[in-house]
Amino acid sequence: MGLNMGQDMEDCEKKDNETIEYYCLPAIKLAILSLATLGLYSIFWFYENWRIIKIYDKSNIHPFARAIFSVFYGLSLFKKIYHSADIHGVRSIYKPLNHYLLFLALSSIIFLPDPWWLLAGLNVLPFLAIQKVIQINNRKIDPSFRTKKRFSKREIAITITSVALLLFGLIQMI
């Protein structure tokens, strides 16, 4: 049995990355949170997946550092996810390297001049395909697995705050 997000992490018995239930949320929720934060939500997404891997592998990795430096560790995470999915018979036409390169390209948009940096939220695109693989993989590991569709109060607050800051920034540009 894999790790459920509501389950106490210390109680996990299985510790190999072939049975990990990776961090999973519905595509629409991922898209909204990523677009509202101009792609910064991807840092949280990386953090959650590395945190789960640390628990399963009982490794000394630092999930926060790997999330912050996702440009260096992203490919490794994508490979782990796809390896686990492949073992469970989940096939994808995309490869981890494709998603990683797309992630790097779309993440670099933030460095473009006004107004092009506003497209930085598009870095969610590779994550949408990866989330689909994660959802199928998690269901193969645990057929009762379901993603949490409702927004939490924290997610609502993040979205509202991010959109407000974005609008304030846009008004300042005018």
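Modeller: Let's start with a nonpolar surface patch of about 620 Å², made by Leu35, Leu102, Leu112, Trp116, Leu119, Leu122 and Leu125. To join a patch, a residue needs over 30% relative accessible area and no salt bridge; nonpolar side chains (Val, Leu, Ile, Met, Phe, Trp, Tyr) are joined within 5 Å, and like charges within 9 Å. A salt bridge here is a side-chain nitrogen of Lys or Arg within 4 Å of a carboxyl oxygen of Asp or Glu. The areas come from the Shrake-Rupley method with a 1.4 Å probe, and for residues only the protein chains shown count as cover.

Before we go on: this is a predicted model, so local features need pLDDT of at least 70 and side-chain atom pairs count only at pLDDT 80 or more, while totals for chains, interfaces and linings use all residues. Residues are numbered from 1 along each chain as its sequence is written, and side-chain values use heavy atoms, leaving out hydrogens and water.

Leu122 sits in the loop between α5 (96-107) and α6 (125-141). Helices are DSSP runs of H or I with at least four residues, strands are runs of E with at least two, and both are numbered from the N terminus. With 32% relative accessibility, Leu122 counts as partly exposed; buried means under 20% relative accessible area, exposed means over 50%, and partly exposed is in between (1.4 Å probe, protein chains only).

Buried in α5 are Pro96, His99, Tyr100, Phe103, Leu106 and Ser107. Looking down the axis of α5, you'd find these buried residues within an arc of 135 degrees, so they line one face of the helix. That arc is taken from the directions from the helix axis to the C-beta atoms. Here's the handy bit of background: an α-helix has 3.6 residues a turn, so residues three or four places apart point the same way.

What covers that buried side? The cover for the buried residues of α5 includes α2, α4 and α6, where contact means heavy atoms within 4.5 Å. So let's hop over to α4, residues 70-87. Helix α4 has 18 residues and reaches 24 Å from its first C-alpha to its last, close to the 26 Å expected. Its buried residues include Leu75, Phe78 and Tyr82, and the buried residues of α4 pack against α2 (41-57), α3 (63-68), α5 and α6. Just after α4, Gly89 takes a positive phi of about 80 degrees.

There's another positive phi to look at. Lys58, in the loop between α2 and α3, has a phi near 50 degrees, even though Lys58 isn't a glycine. Most residues other than glycine have a negative phi. Lys58 is exposed, with a relative accessible area of 64%.

Stepping back, the chain has seven helices and zero strands. Buried residues make up 44% of its 174 residues. The accessible surface of the chain comes to about 9,800 Å², and 66% of that belongs to carbon and sulfur atoms.

Methods: The expected span of a helix is 1.5 Å times one less than its number of residues.
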